[in-house]
Amino acid sequence: MSMVSSSRRTFMTRKAIESRLSSSGETDRTELLAHPSMVSATKSCILAKEVGRSLGFPARTIATAQLLVHRVHIFQPIVSVSSSDLGAACLLVAAKMEETIKRVRDILAHTYLLFATPVGTAFEPHAVPASVTDKMRHSVLTAEQTVLDAIGFDFRTAHPHLLFVKLAQMAGVPQDTTARTGWLILADAFFTTLPVQYPAVVLAAGSLCLAWNLDLDVKDTVPCIRKALFAQQSQGRRSNGRDAWRSLGRAHNGRNADARMPRERPTALDMAGEWWTEFGVATADVQSFVRQIVDFYVLFFNTTVASAEHMERHQNGLPNKDMSQRIGQWRIKQSEFLNSG
């Protein structure tokens, strides 16, 4: 299997993920997103995010839960537990991993109310009878064991959130526009397999890069990013990620390991160039990130591509609807610009 190791952590190429999920060989750019396992994973990710928000979990805990969901579906394509049980179980494991522990009953109560509470009515988890949560407990704890088996009891994590904030500060981008857009893109990336493919530094850099280019006139788009949008097939990784991790420090075994910056880091970023290379990130990796996340958004923007299942997911707020519209329009303008030249 094609895997790429980075400082004791293992990442998988898109091709390796596709090979685990399908025996058909080469796949279309959007086929991975439409695979039944990924559709089921999306449902679990939605639940993890909604329940996580209602419980007040930080972004890192929700992101870890969504990452666990994808790892389960990749390493065990035939999952015997329901998407709701898996989402709750991944949130339970993530809470322990990130030391933001909540009672099992609280997670179960909030999960139950997510389905049982009509829109507009009061959300009262303490009013959920113990008999209801006790009935849910067995299936969710069974799903938790499935999660632990899938990840091999490897609880090491590294997050792109703090790194993204630092990069945005170094770039001097406006917080209310570019930085906010990049943060939303970063959050939506965890609904895809991108966190399984790339270390946190690539996720942070790719999100900021795309956000920056969205704010530019079409003619000013960074050339390598425009080129990435119209590649016929997603290319494999061209760097193993080790340099990127070394640029963040030698110790990588902490919750915030990916947030460490280089000792001699640049004081500013030239956003018009390939600034990510200063952190050991290959341009091919950033191009692949941008290509895949844009494809993800376009599925929900282009009704001729989006299936009924995709539209159902869009109605549930996946991905950010305004972002989907914005990126869809941006891609159209990029295509028109190329054709006009």
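Me: Buried means under 20% relative accessible area, exposed over 50%, and partly exposed in between, with a 1.4 Å probe and protein chains only. Is Thr-100 buried or exposed?

Reply: The model is predicted, so local features need pLDDT of at least 70 and side-chain atom pairs pLDDT 80 or more, while totals for chains, interfaces and linings use all residues. Residues are numbered from 1 along each chain as its sequence is written, and side-chain values use heavy atoms, without hydrogens and water. Thr-100 is buried, because its relative accessible area is 15%.

Me: Where does Thr-100 sit in the chain?

Reply: Thr-100 lies in the loop that runs between helix H5, residues 83-97, and helix H6, residues 104-116. Helices are DSSP runs (H or I, at least four residues), as are strands (E, at least two), numbered from the N terminus.

Me: Which residues is Thr-100 in contact with?

Reply: When its neighbours within four places in sequence are left aside, Thr-100 is in contact (heavy atoms within 4.5 Å) with Phe-57, Pro-58, Arg-60, Thr-61 and Ala-95.

Me: Is Ile-107 buried or exposed?

Reply: Ile-107 counts as buried, because its relative accessibility is 2%.

Me: What touches Ile-107 there?

Reply: Apart from its neighbours within four places in sequence, Ile-107 has contacts with Val-51, Leu-55, Ala-88, Leu-92 and Lys-102.

Me: What about Leu-162: where is it?

Reply: Leu-162 is part of helix H8, which spans residues 161-171. Leu-162 is described as partly exposed because its relative accessible area is 40%.

Me: Which residues does Ile-293 touch?

Reply: Ile-293 is in contact with Ile-185, Asp-188, Ala-189, Thr-192, Leu-194 and Leu-210, if residues up to four places away in sequence are not counted.

Me: Now the whole protein. How many helices and strands are there?

Reply: The protein contains 16 helices and two strands.

Me: And how much of the protein is buried?

Reply: Of the 341 residues in the protein, 55% are buried. Thr-100, at 15% relative accessible area, and Ile-107, at 2%, are among the buried residues.

Me: How many contacts join residues at least 24 apart in sequence?

Reply: Counting the contacts between residues at least 6 apart in sequence, 76% join residues at least 24 apart.
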